[in-house]
Amino acid sequence: MTRWKEFDVKRGSSGPLLQVQGLEVEFRTGGRVVHAVNGIDIDVRRGETVAVLGESGSGKSITFEAILGTLDSPPGHVTGGRAEFEGQNLFDLSPRRRRAICGDRIGMIFQDPLSALNPVYTVGWQMAEMYRVHRHLGRAEARRQSMDMLARVGIPDVQRRIDNYPHEFSGGMRQRLVIAMALAVDPALVIADEPTTALDVTVEAQILALLRDLQRERGMGLILITHSMAVAAEIADRICVMYAGQVVERGDVRTLFGSPAHPYTAGLLHSLPGVAAARHRRLTPIPGQPPDLAHIPPGCPFHPRCPRAEARCRAEPPALRPVGDGQREAACHFAEELLAAAPTAQQDEGHAR
Amino acid sequence: MTPEHLRPDSDVVLRVQDLQKHFPLRRAGRHGPGLSIKAVDGVTFDVRRGETIGVVGESGCGKSTLGRAVMRLVEPTGGRIELMGKDITALSRREMRPMRRHVQMVFQDPLSSLNPRMTARQIVEEPLHIFRWGDRASIEKRSAMLFDHVGLPRASLSKHAHEFSGGQRQRIAIARALALNPSVVVCDEAVSALDVSIQAQVLNLLQDLQKELNLAYIFITHDLSVVEYISHRIAVMYLGRIVELADTRALFDQPMHPYTQALMSSAPSRDPRVLGAEREVLAGEVPSPISPPSGCRFRTRCTKAHDRCAVTSPAFRSVGSGHMAACHLNEAGDAPIPDEVV
């Protein structure tokens, strides 16, 4: 493992680890074209956690499926953009080269660990496979390293548990196992897609704490795809908010949640029952429904649901641009006004923890 | 405020006493003693007209089984259920039928609880036909009114479930549940599958309907924020039992049971604008409901457990006005030790 650590340090670039620019993905089915991702820019640096926040259909998972080459194609097609990882555009690589990078330099963690695990092999076998395939280790050494890694992610009684099958593990233990597998060969970047959504809160807290510790300990980049603002706030340094396949706002967590500059981000915050309950207020939901991605509204995609939409919003798509103190970017024509009008988190004193 | 046991009973629409549901796994015999999953193991609570009682707990705590047992969708193996003042525990299927209109249910996944071959109108009108609401004209009038109530356009009456979005499907499920003017609606994770912006719409709808129709909800969820927002009172369940029951404010301001305290401190911050609050992590996982721990069921994960907790099961007793908890620490002699929730 040390060998790879040194390798990272030598490479020692201060630039982004992963830089996605202008990514576009569409699905073509029976004469319909669904525009799932429409020009997304995301970058992650070493040692940084970026949360990609969005509701269903926002394109948050599709973005990373496209980057990792796990997109179902057809019907999915990457129609534009680049994804540079450690200096090379992943879309230029042969599928074989890309697969070698994913799994080795990029680790993946999915929502449902049971479907990411093979039910007919023991935990130990699957875990050791990572070392055998990516590190060409022998059986005994692979097993020894597997045990160390399983112990590191908090699997109790590893000696016995390593010969269990995945179904003998609880949901939380399975997620620990999948984390161990993703991090086994010390990737530079880990992409976690809703890693705690299927778990109970007490277990979610355990898993997030584990991810945070491992991320700090290894200095890797972490991308967390989530629908939960609470999870994003807890673990991320920066946040990208997605809507209708676009990034509508991104920036430092504190700035972004403290005073959102995009009406969608603000709308999400006002839809949270926890915030409303603590203030004895009624919820203010975002009216309407998310757009049909086959017919995205012209101009700003959020305008049909936006309380401050004007004629300009219906005609002219807003670009993602720096707003305020430069700590964040927002794609809204009225971002400055929204910032000026909104009370900050301090003024709006909450008694939530 | 009148102590709970002195409040007039006329308002109680549902009374559950010592309810049990054990699912048999193995009969006693050559292979050893009988085994059963004690999904619900002695639960007592009342539901009053027009109130929302939240039931919160982790997966496997028995909250969904409780919701189903109350409606007799699964047969309770012990205890007593009174609906609208009538004991329904032992009613036959036929005797139960007229009672069913008083208690209805909304499920988590509307797509699997709505018949894909029926139109929205047929789905909402089905209970009206079964209960012979009236002639065709009055049934049609009623379904149109229900659509208005739940905020669905009348034009969509003839669409099928798959043509609606998730939030709209849940509105159809709510309209169906309300068709027969029930007194109690059991909502089992009714908003858990919805995106936050849509979830907020449905939560507001449920609140509006409650005020309008004086409905009681049993709101089952794993989400503390949702339960805090919608409930008047909250029951916290752990391994088949209610460990704490209190008014929402009292429960959140001063949780008395160590499990409630742990649940709250391990939940994510309710307000993402408040940063840096590290969650306290409750170690371990929920033990098996087949052979729950002796004494207090939470003792294996409780940081405050002592010898006595392994021996005697703590009584579910009053610890304040309308505030009930089952913990030895709250009994006389020991000062209650509520964690400050700031």
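Colleague: What is the handedness of the crossing of helix 5 of chain A and helix 8 of chain A?

Modeller: In this predicted model, helix 5 of chain A and helix 8 of chain A cross in the right-handed sense.

Colleague: Why is helix 5 of chain A called roughly parallel to helix 8 of chain A?

Modeller: The axes of helix 5 (residues 123-135) and helix 8 (residues 171-183) of chain A cross at roughly 20° and come within 8 Å. Angles under 35 degrees count as roughly parallel, and therefore helix 5 of chain A is described as roughly parallel to helix 8 of chain A.

Colleague: Which residues make that contact, and how do they divide by class?

Modeller: On helix 5 of chain A the contact is made by A:V123, A:Q126, A:M127 and A:M130, and on helix 8 of chain A by A:L177, A:A180 and A:M181. The residues of this contact divide into six nonpolar, one polar and no charged.

Colleague: What makes helix 6 of chain B roughly parallel to helix 7 of chain B?

Modeller: Helix 6 (residues 166-178) of chain B packs against helix 7 of chain B at an angle of about 20°, the axes being 10 Å apart. Since the limit for roughly parallel is an angle under 35 degrees, helix 6 of chain B is taken as roughly parallel to helix 7 of chain B. The crossing of helix 6 of chain B with helix 7 of chain B is right-handed.

Colleague: Which residues of helix 6 of chain B and helix 7 of chain B meet?

Modeller: From helix 6 of chain B come B:G166, B:G167, B:Q170, B:R171, B:I174 and B:L178, and these meet B:I198, B:Q201, B:V202, B:L205 and B:L209 of helix 7 of chain B. By class, this contact has six nonpolar, four polar and one charged residues, with Gly counted among the polar ones.

Colleague: How far apart are the centres of domain 1 and domain 2 of chain B, and which helix gives the largest share of the side of domain 1 that touches domain 2?

Modeller: The domain assignment of chain B gives domain 1 as 11-24 + 37-102 + 182-269 and domain 2 as 113-181, and their centres, taken over C-alpha atoms, are separated by 25 Å. Eleven residues of domain 1 of chain B are in contact with 13 residues of domain 2 of chain B. Helix 7 (residues 196-213) of chain B provides the largest share of the domain 1 side, namely five residues, and that side divides into nine nonpolar, one polar and one charged.

Colleague: How do you know that chain A touches chain B, and what counts as a contact?

Modeller: Two residues are in contact if their C-beta atoms lie within 7 Å, and 41 residues of chain A are in contact with 35 residues of chain B. Among the elements giving two or more residues to the chain A side are helix 9 (201-218) and helix 12 (263-270) of chain A. The chain A side divides into 23 nonpolar, twelve polar and six charged residues.

Definitions and conventions:
Residues are numbered from 1 along each chain as its sequence is written. Chains are lettered from A and ligands numbered from 1 in the order in which they are written. This is a predicted model: local features need pLDDT of at least 70, side-chain atom pairs count only at pLDDT 80 or more; totals for chains, interfaces and linings use all residues. Axes are lines fitted to C-alpha atoms, for helices over the stretch in contact, and angles run from 0 to 180 degrees between N-to-C directions. Helices (H or I, at least four residues) and strands (E, at least two) are DSSP runs, numbered from the N terminus. Angles under 35 degrees count as roughly parallel, over 145 as roughly antiparallel, 65 to 115 as roughly perpendicular and the rest as oblique. A crossing is left-handed if the near helix is turned anticlockwise from the far one by less than a right angle, and right-handed if clockwise. Domain bounds come from an automatic or database domain assignment.
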